[in-house]
Amino acid sequence: MIKNYLKIAVRQLRKQKMYAAIKIGGFALSIAACLLIALYIREELSFDKSYPDADRIYRIIGEYNFDTFHGKGVDWPAVMGKTVKADFPEVEKFGRLMPNSLFWGAGSNELKRSDSPENTHEDGFVFADQSLLDILKIPMVYGDASHALTEPQTMVISKSKADKYYPGQNPVGKVMYLNNNKSKPYKIGAVMQDIPATSHLHEYSFLLTLAGVEFWNGEQTTWGAENYRIYLLMKPGTNTAAFNKKVTNAMIDNYFIPDMLKSGNKFASIIKNGLTMRMQNIKDINLKSYDIHDGMSHGDIRFIWLFGAVAGFILLIACINFINLSTAKSANRAKEVGLRKVVGSQRSGLIKQFLTESLLYSFFSFALGLILAAILLPYFNVLASKSLTIPWQQWWLLPTVFVSAVVIGVVAGIYPAFYLSGFKPVEVLKGKLSAGSKSSVLRNGLVVFQFATSIILIISTVVIYSQMQFILNKKVGFEKDQVVMIQGTNTLDNEVKSFKNELLKLSAVKSVSISDFLPISGTKRNGNPFYNEGKTKTETSVGGQYWDIDADYIKTFGMKLVAGRDFNSSMKTDSQAVIINQTLAKRLNLKNPIGKRITNGGDPMLVIGVVQNFNFESLRDGIEPLVMHLANNNSIVSVKIKAGDIKNTLAQITATWKNFSPNQPIRYTFMDERFANMYADVQRMGRIFTSFAVLAICIACLGLFALAAFMAEQRSKEIGIRKVLGASIASITSLLSMNFIKLVFIAIVIASPVAWWAMTKWLQDFTYRITISWWMFAVAGIVAIVIALVTVSYQSIKAALMNPVKSLKAE
């Protein structure tokens, strides 16, 4: 019987080649898209699950709700790790991570073997405890994991870095230098397997020991500085919700408040109501840290839900095509159903027959979808900035595909199967169903749903693109164009100022500044509390940034002073002076700040200037308070160049660099490119939405094309009569097209408020954002109408041009 079902199904497929191609093609495209999204979601959900004790590993995060600051962070005092371990028996082990590039060694460095003269730039340095290795149980290629970081001045490097610097060797015990600093040689204690890409720590290739490290006198015991991420291995069965409350109360009451009171801060009690600590499981870090300031690149659980929904809608659109075409062709199958019932076929047998056809379409579609997914995967990887692969060798892949094909085949075919098998033989054989499928509320509703989904994606794409252009073209308060950032200049030591002077001699160079603190992400940051002079014990502090700059910084970046003057390197008193931004002046209630003194807990600093606010973080956030003072911080030299022959200018800069550092290749980037990279996730989301919007429209149009062809076929006699009676080609085309265009209009009305709500929610992540305008909906609507009109018009014009003799000769 099954063989007979398959034979009839194949016969139907061959008989209706166009409709079969549209059904299978639409299904295959949607399945390919779903497979790609499924691979993306699978990787995002797999983050940090490779650690043996992942269920018991947590990091401590803080939720802050103060008058001047609301947010979440992960940085804590160095002493807090061992304090939590000592005070709470629930904690089995603790380990610290210190990634703050403000301190020498963390972040990026110029690295070389002790026996090599050449420096190589490397990113991914972080300070870590030996106990963190014990908690994470990172496998080692060489060396003893239990003693890899126990000695001072040791480090663990990844296997890929070991192969790079010591190919074919065991480098344990070898010595390397950071930034030409031979006074701090680092011995390799072990070589670890590369941290997998599905770990939130994947960016780290060099773990520097914290054994014996103290960045300043008393740094390891103070409760007043927060630079460490603290990871805990909890004992089995620990109630984390109860532990959150215990650790918050104990740390605040027993340590933070007493330390603040000891320093004379009368506002210490506000921390009681403003700070909450909680444990975040390591498996949640990648997807549930979108609102936590941890400086790491990670996913977003909201995007996972969003992309999952997009995949579901695309698949649903393809299923709708199948249902629409199956029910629309019902008149062609009606006599077959009637005759088979007359000769004794049961309805159950007919249902099985139609479901077999549906399953056959589904299997063909999945096979083609897998091929398309494999072909499109490289493009998708570029689109999503991933390195996904189809897991062909995994045992579960083919069973999963088979089950999915069966489920999709049944879901798509169940309604047409029951609908077609329900025809009554008497009515069918009398010809009463010959025109019964011309109008269908369900079919029209499904077409509306298809286009509403597509229009939502189009509107979303337009909004995302507009927000991206707004960000990239917004005046941010400084000049980011024509600025070359030369990195790794700290290896020049005392010669960096001579290097600057030589650059200034180049005719194409306007200005040069030496500072690691730049108004783009990925450069140094230094958070400090600020007070008006003499108010440290009577006023709450204002948190802000404290940047080391040189006297040419403001000129190089085209910043505007709204009050006071710039730094003057020839004035010795300027070493104790500062320039502040408008936000800090407002927060400290300084109406006339020039000549006033402020402090960060140290010596008072004279305010000599106020710079106009400029965005130095993502436009998702507001402008923080900022203090700039004269100091040396020489890892980055920023060069403002003239527009023109940039290639020649870069060649001159490179030649100048080689004169100072012949054993270190120059490394530079353009500031405007680094600025754009801050919003790579938004650009990536825009590209993905654009691709899926195009795909959804294509699948919907395939179905619309087939429906239009069928309607033209069903109304061929009517069209013939109209032409004989004098109807024009334009009027017939309009007649056949208008019903579909009405459906698209309805889809626009439904899609617009949904898209407005969704994009309004998305834009709330940005402090600086566009206003959603009427033209965005108009553009999406016009695009949808034009596409639908072009799709339908082909079949309408073809039907209108047909010779009426052909359609009427049977009458």
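This report describes selected ring contacts, backbone features, a helix and strands of a predicted model.

## Basis of the model

Residues are numbered from 1 along each chain as its sequence is written, and side-chain values use heavy atoms, with hydrogens and water left out. Because the model is predicted, local features need pLDDT of at least 70 and side-chain atom pairs count only at pLDDT 80 or more, while totals for chains, interfaces and linings use all residues.

## Aromatic rings

Rings of Phe, Tyr and Trp (its six-membered ring) pair if their centres lie within 6.5 Å; planes under 30 degrees apart count as stacked, over 60 as edge-to-face and the rest as tilted. Tyr 40 and Phe 307 form an edge-to-face pair, because their ring centres are 5.5 Å apart and their planes stand at 80°. Tyr 40 belongs to helix α2 (residues 17-45) and Phe 307 to helix α8 (residues 301-328), so that distant parts of the chain, 267 residues apart, are linked. Helices (H or I, at least four residues) and strands (E, at least two) are DSSP runs, numbered from the N terminus.

The rings of Tyr 40 and Phe 380 are also edge-to-face, with centres 6.4 Å apart and planes at 85°. Phe 380 lies in helix α10 (residues 347-384), so its pair with Tyr 40 in helix α2 ties together parts that are 340 residues apart in sequence. Tyr 40 and Phe 307 are buried, and Phe 380 is buried as well. Buried means under 20% relative accessible area, exposed over 50%, and partly exposed in between (1.4 Å probe, protein chains only). Elsewhere, ring pairs link Phe 478, Phe 517, Trp 547, Phe 614 and Phe 616 into a cluster.

## Charges over rings

Arg 302 lies over the face of Tyr 290, at 3.9 Å from the ring centre. The charged end of Lys 480 is placed over the ring of Phe 675, 4.7 Å from its centre. A charge sits over a ring if NZ of Lys or CZ of Arg is within 6 Å of the ring centre and within 35 degrees of the ring normal.

## Positive phi angles

Most residues other than glycine have a negative phi. Lys 137, although not a glycine, has a positive phi of about 55°. This residue lies in the loop between α4 (130-136) and β6 (140-142), and its relative accessibility of 45% makes Lys 137 partly exposed.

Asn 180 is not a glycine either, and its phi is positive at about 65°. Asn 180 is found in the loop between β8 (175-178) and β9 (186-192) and is partly exposed, with a relative accessible area of 28%.

## Strand β1 and its partners

Strand β1 (residues 57-65) has eight of its nine residues buried, so it is largely enclosed by the rest of the structure. Two strands pair if DSSP finds at least two bridges between them. β1 pairs in the antiparallel sense with strand β11 (residues 229-234) over three bridges, and Ile 57 stands opposite Leu 233 in β11.

Seven bridges join β1 to strand β12 (residues 275-281), again antiparallel, with Tyr 58 opposite Asn 281 in β12. Four bridges connect β1 with strand β2 (residues 70-73) in the antiparallel sense; Gly 62 has Gly 73 of β2 as its bridge partner.
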